[in-house]
Amino acid sequence: MPASGALYRRALLGLVPGVGGRRGTDVPAIELGVSGVAVDQRHLADYDRVCGFPLTDRLPATYLHVLGFPLSLRLMTSPGFPIPLTGVVHVANRITVHRPVEAGERVDFHTYAENLRPHERGRQLDVVLVGSIGGEEVWRGVSTYLGKERASGGGPRRDRGDRPEPPAASARWRVTPRVGTDYARVSGDHNPIHTSKLGARLFGFPRPIAHGMWSKARCLAALAPRLPEAYTVDVAFKLPVPLPSTVAFSASATGAGWDFALHSARDGRPHLTGSVR
């Protein structure tokens with residue numbers, strides 16, 4: 001796997017005029033792959049603790065995202081990638097688990113980008129990460145990223161109507177600043193908006209914010225005992241979770257699975273909505 005630290009340094013250098021190079025006008029026609037990725041059991045246990053999963057040898061759906069993330073990071077920092085990594089916003093994530101993956105199995109990953117499209121605040125695209133074992137696809141993740149631009153390309157506008165009342169909370173969680181640093185450690189995602197007050201302010205946040213994939217993982221951990229063997233978990237990231245804060249988790253069973261959400265416990269502002277099917 002590529003080293004994440006070097007890739008983040010490359011992304012930061014891209015902010016320097018004359019160093020970053022030109023951005024492409026479309027997604028790169030490349031696919032990156034790594035074979036035989038093994039699971040470090042101590043790292044898995046650390047991840048489980050940070051995100052609230054039970055300690056088992058079965059990999060949480062979101063752990064495969066972490067395991068393959070350096071490969072996607074390498075793709076997103078490649079020359080000509082149309083959206084710069086610095087300041088990018090993770091707006092949605094969909095994970096499909098075709099079958100459970102155990103810690104003793106080795107996973108082959110490949111990643112590519114697709115579907116560059118306009119958005120009211122810039123452009124967005126999908127980064128696809130696929131995990132396979134023995135030639136069989138066992139896991140697929142699709143992360144949608146938004147690159148903000150002053151002159152946007154149009155695209156659908158969000159509904160600005162009245163905010164609906166949040167559902168009744170199933171649980172309340174206190175999210176401390178350690179969530180930002182601990183998740184950065186176990187995920188390899190060291191974006192400073194999650195770990196540094198100065199880094200957050202440079203990108204327009206008054207204080208650090210939680211990683212979106214931590215929020216998704218924490219919600220999934222709350223549902224872990226009731227998840228099927230195979231499923232798709234889809235989330236839309238709404239407003240950032242500031243660190244520290246208290247959030248309200250809600251979940252309701254449907255005929256097809258689960259609907260869940262994360263809101264501010266103070267004012268009901270939405271942080272995340274999701275479903276398991």
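The largest nonpolar core of this predicted model comprises 52 residues, among which Tyr47, Tyr183 and Phe260 have the most contacts inside it; a nonpolar core is here a set of buried Ala, Val, Leu, Ile, Met, Phe, Trp, Tyr and Cys residues joined through side-chain atoms within 4.5 Å, and buried denotes under 20% relative accessible area, with exposed over 50% and partly exposed in between (1.4 Å probe, protein chains only). Helix α6 (residues 212-223) supplies the largest share of this core, 8 residues, where helices (H or I, at least four residues) and strands (E, at least two) are DSSP runs numbered from the N terminus. A second, separate core of 13 residues includes Phe69, Leu85, Val127 and Tyr145. Local features rest on pLDDT of at least 70 and side-chain atom pairs on pLDDT 80 or more, whereas totals for chains, interfaces and linings use all residues. Residues are numbered from 1 along each chain as its sequence is written, and side-chain values use heavy atoms, with hydrogens and water left out.

With contact defined as heavy atoms within 4.5 Å, Tyr183 touches Tyr47, Val50, Cys51, Val66, Arg178, Gly188, His211, Met213 and Trp214, residues up to four places away in sequence not being counted.

The axes of helix α2 (residues 41-51) and α6 come within 9 Å and cross at roughly 85°, axes being lines fitted to C-alpha atoms, for helices over the stretch in contact, and angles running from 0 to 180 degrees between N-to-C directions. Helix α2 is therefore roughly perpendicular to α6, a label given to angles of 65 to 115 degrees. In this contact, Tyr47, Val50 and Cys51 of α2 meet Trp214, Ala217, Arg218 and Ala221 of α6. Ala221, located in helix α6, is buried, with a relative accessible area of 8%; leaving aside neighbours within four places in sequence, Ala221 is in contact with Cys51, Gly52 and Phe53.

An open sheet is formed by 10 strands in the order β1-β3-β4-β5-β2-β7-β10-β9-β8-β6, with antiparallel pairing, two strands being paired if DSSP finds at least two bridges between them. Strands β1 (32-37) and β6 (171-175) stand at the edges with a single partner strand each, so one side of each is left without a neighbour in the sheet. Within the sheet, the antiparallel strands β8 (residues 245-253) and β9 (residues 258-264) are joined by 7 bridges, and Ala253 stands opposite Trp258 in β9. Helix α6 lies across β2 (89-97), β6, β7 (231-237), β8, β9 and β10 (270-276), running at about 135° to β7.

Definitions and conventions
Angles under 35 degrees count as roughly parallel, over 145 as roughly antiparallel, 65 to 115 as roughly perpendicular and the rest as oblique.
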